Protein chains: 2
Amino acid sequence: MTTRWLTPEEQRAWRAYVAASLLLEDALDRQLQQDAGMPHLYYTILAYLSETPERRLRMTDLAERLKITRSRLTYAVARLEKDGHVRREACRWDKRGTVAALTDEGMAVLERTAPGHVATVRAALFDHLTPEQVGQLEEIGTRIERALQGDDAESAPEGLPWLRRSVNPPLL
Amino acid sequence: MTTRWLTPEEQRAWRAYVAASLLLEDALDRQLQQDAGMPHLYYTILAYLSETPERRLRMTDLAERLKITRSRLTYAVARLEKDGHVRREACRWDKRGTVAALTDEGMAVLERTAPGHVATVRAALFDHLTPEQVGQLEEIGTRIERALQGDDAESAPEGLPWLRRSVNPPLL
DNA sequence: GGCGCTTGGTTCAAGTTTTAAACAAACCTA
DNA sequence: TAGGTTTGTTTAAAACTTGAACCAAGCGCC
């Protein structure tokens, strides 16, 4: 089968995207390393934890949300734990499980550094986009996501937003 | 000054973008590592070299195009040289300079692996975007780029032979 | 219950990459 | 020619990632 090369338009888009994502990730890492002492991925872990009702998530759930391997997550959480931002707990309902819980200190770091992070994201991105473009970005991002990890429409179980088979009693 | 948090729309866009870029870079790295024995960044270096008329670029020019530090580039080129994909040459006009030149072997690797790479980019991205979205992606990417590295409209210096755009078949 | 298969998560070893700082040589300008 | 800048490399230390191997606990099934 003959290769379908990128059209000039696609090529421009591709290059713009690659350059932009490199610069953006760099800027984010630098800012967060500076202000929070951790790279973007680690900050994101804390952020995700902070959003669940109990500020904790099963390792596998967290890994899936972050789109990283469990192994990578284990390493990251180990560091976050060493730094006191996260605490590991045993899962009561599944003895194999581990739950990563945001500590008060971790939450404090998040609260202290979130404004700077948001400011960076704005300065690097949203301040330069029209509302339409924001919508377009979401749509494009969503499509890539769908393309790259089977579009298994695994809707979150409505009752328990924060878990795999839980930290909570299994619903029957 | 009070923090301007992200609006719900911005937040959705941001998350979609972060997830997508992680997945995309991962997929690309995996495919290229598999087929070409090198990660995306390294492939991109070869690709950029292949596009110049003489298949060679000054280290600094290359670093600027790639949006990476010279130090990082030195490391990368060292490996590419060890693998025989690139050769370092002294720059005749500036004795401080080093020129990275694509070897025939490097070119061969590129030609052999480009189809697979393009296929991956299509499968992960362009096959799921409308032509309008391709344009939108370019525009958004360009804006980020401009935002993050001063918009010095540095047009290519007129004199130097291999700092000019390519006429060759697009390999990326 | 007991036998396998799957899942959750960690560990391990090895390698890869990154960063920042320091440096030397060459260039440039006055 | 002195002084400042640019080029590119070196260095040393960290940080990160990967993949495979592994164990323990759940699950299904007869």
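This note sets out numbered points on the predicted model shown above.

1. Basis of the note. The model is predicted, so that local features need pLDDT of at least 70 and side-chain atom pairs count only at pLDDT 80 or more, whereas totals for chains, interfaces and linings use all residues. Residues are numbered from 1 along each chain as its sequence is written, chains are lettered from A and ligands numbered from 1 in the order in which they are written, and side-chain values use heavy atoms, with hydrogens and water left out.

2. Surroundings of DNA strand C. Around DNA strand C there are 21 residues, of which the closest are A:Thr60, A:Arg88, B:Arg72, B:Tyr75 and B:Lys95. A residue is near a molecule or strand if one of its heavy atoms lies within 4 Å of it. Sugar or phosphate holds 72% of the atoms of DNA strand C within 4 Å of the protein, and bases hold the rest. By residue class, the surface near DNA strand C has four nonpolar, six polar and eleven charged residues. In this division Ala, Val, Leu, Ile, Met, Phe, Trp, Tyr, Cys and Pro count as nonpolar, Asp, Glu, Lys and Arg as charged, and the others, Gly among them, as polar.

3. Helices facing DNA strand C. At least two residues of this surface come from each of helix H3 (59–66) and helix H4 (70–82) of chain A and helix H4 (70–82) of chain B. H4(B) gives the most, with four residues. Helices (H or I, at least four residues) and strands (E, at least two) are DSSP runs, numbered from the N terminus.

4. Polar contacts with DNA strand C. A polar contact is a pair of N or O atoms within 3.5 Å; within protein, one must be able to donate a hydrogen and the other to accept it, and residues adjacent in sequence count only if both atoms are side-chain atoms. Phosphate oxygens of DNA strand C lie 2.8 Å from a polar side-chain atom of A:Thr74 and 3.1 Å from one of B:Tyr42. The side chain of A:Arg96 has an N or O atom 2.9 Å from a base oxygen of DNA strand C.

5. Surroundings of DNA strand D. DNA strand D has 20 residues around it, and A:Arg72, B:Thr60, B:Thr74, B:Arg88 and B:Arg96 come nearest. Of the atoms of DNA strand D that come within 4 Å of the protein, 71% belong to sugar and phosphate. The surface near DNA strand D comprises four nonpolar, six polar and ten charged residues. H4 of chain A, helix H3 (59–66) of chain B and H4 of chain B each supply at least two of its residues, and H4(A) gives the most, with four.

6. Polar contacts with DNA strand D. An N or O atom in the side chain of A:Arg79 is 3.0 Å from a phosphate oxygen of DNA strand D. Base oxygens of DNA strand D lie 2.5 Å from a polar side-chain atom of B:Arg96 and 3.4 Å from one of B:Ser71.

7. The sheet of chain A. Three strands of chain A form an open antiparallel sheet in the order S1-S3-S2. Strand S1 (56–58) and strand S2 (86–90) are at the edges with a single partner strand each, so one side of each has no neighbour in the sheet. Neighbouring strands are turned by 25 degrees against each other on average, direction ignored. Two strands pair if DSSP finds at least two bridges between them; S2(A) and S3(A) pair over five bridges, and A:Arg87 stands opposite A:Ala101 in S3(A).

8. A:Thr103 lies in the loop between strand S3 (98–102) and helix H5 (104–124) of chain A. A:Thr103 counts as buried because its relative accessibility is 11% (buried means under 20% relative accessible area, exposed over 50%, partly exposed in between, with a 1.4 Å probe and protein chains only). A polar atom of its side chain lies 2.6 Å from the backbone oxygen of A:Gly84. Beyond its neighbours within four places in sequence, A:Thr103 is in contact (heavy atoms within 4.5 Å) with A:Gly84, A:His85, A:Val86 and A:Arg87.

9. Two positive phi values. Most residues other than glycine have a negative phi. In A:Arg55, phi is positive, near 55 degrees; A:Arg55 lies in the loop between H2 and S1 of chain A and is partly exposed at 34% relative accessibility. B:Lys67 also has a positive phi, of about 65 degrees. B:Lys67 lies in the loop between H3 and H4 of chain B and is buried, with a relative accessible area of 15%.

Notes
Axes fitted to C-alpha atoms, helices over the stretch in contact; angles between N-to-C directions.
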